[in-house]
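These notebook entries record what I looked up in one structure, in the order in which I looked. The sequence and the model come first.

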Amino acid sequence: METPLRGKPLVLIASAFEEDGLDLLEKTFAMLAEYTDMPFSALIVPGAGESGKVGKRPGIRDKAIAFGQQIA
């Protein structure tokens, strides 16, 4: 399929209070990326807790920084 999105990166950054649904979300984005021939990267943070608490989890900030550098 020819599309202006071909070759452009598709990035998913997602967190959730629980793990429910994150795998389906990631699979959906991966399928879209495959269909449109886009490289796909994801940073998924399950069990992130209530809003605003994800940044207080050990290692998450470092993972997010590394992920941003990887996709830049």
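**Terms and source.** I call a residue buried under 20% relative accessible area, exposed over 50%, and partly exposed in between, with a 1.4 Å probe and protein chains only. Helices (H or I, at least four residues) and strands (E, at least two) are DSSP runs, numbered from the N terminus. I note that this is a predicted model, in which local features need pLDDT of at least 70 and side-chain atom pairs count only at pLDDT 80 or more, while totals for chains, interfaces and linings use all residues. Residues are numbered from 1 along each chain as its sequence is written, and side-chain values use heavy atoms, with hydrogens and water left out.

**Entry 1: the whole chain.** I then listed the secondary structure of the protein chain, which comes to two helices and two strands. The order of the elements from the N terminus is β-α-β-α. Along the principal axes, the C-alpha atoms fill a box of roughly 40 × 25 × 15 Å. Of the 72 residues, 21% count as buried. The accessible surface, computed by the Shrake-Rupley method with a 1.4 Å probe (for residues, only the protein chains shown count as cover), comes to about 5300 Å². Carbon and sulfur atoms hold 57% of that surface. I took contact to mean heavy atoms within 4.5 Å. Among contacts with a separation of 6 or more, 65% are made by residues 24 or more positions apart.

**Entry 2: the strand pair.** In which sense do β1 and β2 pair? They pair in the parallel sense, over six bridges; strands count as paired if DSSP finds at least two bridges between them. I noted two positions: Leu12 has Ala42 in β2 as its bridge partner, and Ser15 stands opposite Val45 in β2. The side chains of β2 alternate as well: Ser41, Leu43 and Val45 point to one face and are buried.

**Entry 3: the core.** Which residues make up the largest nonpolar core? I found five: Leu43, Val45, Ala48, Ile60 and Phe67. Such a core is a set of buried Ala, Val, Leu, Ile, Met, Phe, Trp, Tyr and Cys residues joined through side-chain atoms within 4.5 Å. At least two residues of this core come from each of β2 and α2 (60-71). Leaving aside neighbours within four places in sequence, Val45 is in contact with Ala14, Ser15, Ala16, Leu22, Val54, Arg57 and Ile60. Ala48 lies in the loop between β2 and α2 and counts as buried because its relative accessibility is 4%. Not counting residues up to four places away in sequence, Ala48 touches, among others, Ser15, Phe17 and Lys53.

**Entry 4: the salt bridge.** How many salt bridges does a search of the whole structure find? The search finds one, where a salt bridge is a side-chain nitrogen of Lys or Arg within 4 Å of a carboxyl oxygen of Asp or Glu. Asp37 and Arg6 form a salt bridge at 3.0 Å, N to O. Asp37 lies in the loop between α1 (22-36) and β2 (40-45) and Arg6 in the segment before β1, so the pair ties together parts 31 residues apart in sequence. Asp37 is partly exposed, at 42% relative accessibility, and Arg6 is partly exposed too, at 36%. I also noted that Asp37, although not a glycine, has a positive phi of about 60 degrees.

**Entry 5: the segment before β1.** Lys8 is found in this segment and counts as partly exposed, at 45% relative accessibility. Lys8 touches Met38 and Pro39, not counting residues up to four places away in sequence. The C-alpha atoms of Lys8 and Ala33 are 9.4 Å apart, and the two residues are 25 apart in sequence.

**Entry 6: the surface.** Last, I looked for a nonpolar patch. Val11, Ile13 and Ile71 make one of about 240 Å². Patches are made of residues with over 30% relative accessible area and no salt bridge: like charges are joined within 9 Å, nonpolar side chains (Val, Leu, Ile, Met, Phe, Trp, Tyr) within 5 Å. Ile13 is in strand β1 (residues 10-15) and counts as exposed because its relative accessibility is 59%.
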